[in-house]
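Please look over the structure below.

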Amino acid sequence: MRKIIAICSLEMKRTFKRRSSYFIMFAMPLIFTLLFGGLFGENAGSAMPVAIVDEDGSIYSQQLIRQLKAHPFVEYEEVDAATAKELLSEKSVEGVVTIKKDFLGHVAKEEPAVMLQHPPGTAAAPMLEQLYNQALRTLDLQVTAAQIGASYENKEWDLVFEQLIETESGTDGISEIHMNDTQVESWNKMSYSSAGFSIMFVMIVMLFTTGTLIEARSMGIWSRLLTTPATRIQLTLGYVLSFFIIGFVQFSLLILLTSLLFGVQWGDPLGLAVLVITLLLCVVGLGMAIATLVKTSEQQSAVGMLLIISTSMLGGVYWPLDIVPEFMRKIANFVPQSWAIEGFKSLVDGAALGDIMTPILVLLGFSIVFLSIGISRVRYQ
Amino acid sequence: MLTMTNVKKRFGEKEVVKGITLHVGKGEAFGLLGPNGAGKSTTISMICGLVPYDEGDIQVDGLSVGRSPYEIKKKIGVVPQDIALYPTLSAFDNLVFWGKMYGLKGREAKARAFEVLETVGLSERGKDRIETFSGGMKRRINIGAALLHRPELLIMDEPTVGIDPQSRHHILETVKRLNEQGMTIIYTSHYMEEVEFLCKRIAIMDHGQVIATGSTQELCKRLAGGNQLLLDVEEARPAFVEKLKQLDGIEKVIHPEPSEIHLYVKQGQDMMASIVSMAAKEAVKLRQIKLKEADLETLFLQMTGRSLRD
């Protein structure tokens, strides 16, 4: 045990002795959180303005508008067709969404029920299309639910739909009392950025920290360690433990700092602790796997950074996965960051440990795979 | 202290150590010489337990390396050829770490680190980071890291590579002192004079085998010729080399360079006149003829056909 502690304290000393470590470990994630949290926050006024024209004027089209308005990144203004045209020509809005007359009829016939107008080459178009499809899917579910309910109750389905909407509106109404409070809303956005950038920078720091394995190998330190009366298991445990503790210190301090500085509420402490531990096991495993698969520090930096940044993009670290196409969301399932983000989001929304077992188990699966590769490839020669 | 009995090691198809048998007594300073690829590093790695041997046995202080590797590692200190230290940490922190890896407790490790800094003559630089040290100072700390647990056997693999004469002198004096205090030393080097200065006995390795063991004097006596005549010629024609081989009193002829011929002779002085006259007869322009007393370098060249630094 003394030898494991010796390796562990040495690696911690090496990491925390470097001033640059503090910048990467704490300053960078806080700056990014502040920038992105503020950028996506309502108060920053970055929500995309879009005009919406309801030619149908039915409860279905209104429900669709309600669904669309639920998304924080787009600010919809309900106007008539003439005003919408004017706003678009003045470039006061990024686009105009027109819900056609007989909206539900068009949907039933699988015809285009909504028209989207936007200036050529606007970046908003794919996102609006995505959000519309998402809202339509929800509406479709509600209509189906109303039809099934109506068949049981021998009622007209549109009456059941109205009841369903009213119930939902009622619930919304109650939540609005809380959710419309801008402070609470900002906290959630800041929480999102805090979780995302904490994950990303813990991964980056782990990449540099596990680089010690390459350094030790190239400098002959591994060979020398093997001439001491320490077993290979002790050496491996010493390294794994040191990486884990460094990551844990970093994540814990980031949680504390984002709570104090940005008022982020991370949720259930037990759930949070278990989620952070499984995420760190996964990150340590990934760092070790990269360090043992490459030959030089340069290769490790290049491969590692590419992997971290691309998987962070895919995993919803920079932006919510709601705004990306379906196939990208499917790819995100194979990226640990997306599961970690899902876990943190659930905790922030009030979930407890029991509610986040899926992301925890998936992260544990990733950890087992990465640690097995990393540990099995440590050769100490 | 160390006994190797018919030790063999194979890497794939290639047998790199071909049945080494050696004995190093307690308190002895033993030199292991050999050109690159002779099998020295593999032999040292096997003694340290880094590389398992395929056949035979290695015993350190009566314990088999194969059966009790961790017990043996407590008795051995290894100074690797690489400077295996953490450059961003201080010399003291490095020593404390290696002390702990050898099983010393916190206070003991710190106390020993101070003592070792004194032994290697760097007490005043203990707090400085290794990366600020000169090559020689790094080498001294590299040796110090192997001394913390007071090993009975110190194995040094070319510990003076690339350092200034002053640091080399300091290291050699330190090693000699350690040996005088009773520590057994196994020393490998490309520098003959270091081995001659430190070691009472040496073994010469080539192509995975020990080709000679004994004291420097004993080995020099074994030279085919007691002396060496070094001829510097304009062009050493094969016919001339062949005729030299047939001369009485010449034991061996080596022709390492187109313009160099080394002759191993019993009485060099007596041979000079006949060689000069043969060169004149064969129309070979003899630029210089030099008589060299037998030493380890000569012995090595004669036995392996290669210079030690090849």
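The report starts with the model and its numbering.

## Model and numbering

This is a predicted model, in which local features need pLDDT of at least 70, side-chain atom pairs count only at pLDDT 80 or more, and totals for chains, interfaces and linings use all residues. Residues are numbered from 1 along each chain as its sequence is written, while chains are lettered from A and ligands numbered from 1 in the order in which they are written.

## A four-stranded sheet in chain A

Chain A holds an open sheet of four strands in the order S2-S1-S3-S4, with mixed pairing. Strands S2 (74-78) and S4 (114-117) of chain A are the edges; each has a single partner strand, so one side of each lacks a neighbour in the sheet. From one strand to the next, the twist averages 25°. Helices (H or I, at least four residues) and strands (E, at least two) are DSSP runs, numbered from the N terminus. Strands pair if DSSP finds at least two bridges between them.

S1 (residues 48-54) of chain A runs parallel to S2(A), and five bridges join them. A:Ile52 stands opposite A:Glu78 in S2(A).

## Helices across the sheet

Helix H3 (residues 59-69) of chain A lies across S1, S2 and S3 (96-99) of chain A, at about 150° to S2(A). Helix H4 (residues 81-89) of chain A lies across S1, S3 and S4 of chain A, at about 155° to S1(A). Axes are lines fitted to C-alpha atoms, for helices over the stretch in contact; angles run from 0 to 180 degrees between N-to-C directions.

## Where the chains meet

In all, 17 residues of chain A are in contact with 18 residues of chain B. Contact means C-beta atoms, placed from the backbone, within 7 Å. Helices H1 (2-17) and H9 (221-226) of chain A each supply at least two residues of the side that touches chain B. H1(A) gives the largest share, six residues.

## Nonpolar cores

The largest nonpolar core has 138 residues. Such a core is a set of buried Ala, Val, Leu, Ile, Met, Phe, Trp, Tyr and Cys residues joined through C-beta atoms within 7 Å. Buried means 20 or more other C-beta atoms within 10 Å; exposed means 12 or fewer, and partly exposed lies in between. Helix H8 (residues 182-219) of chain A gives this core its largest share, 17 residues.

B:Ile155 is one of the residues with the most contacts inside the core. Beyond its neighbours within four places in sequence, B:Ile155 touches residues including B:Ile44, B:Val78 and B:Ile186. A second, separate core has 25 residues, among them A:Ala51 and A:Leu64.

Conventions
Contact = placed C-beta atoms within 7 Å.
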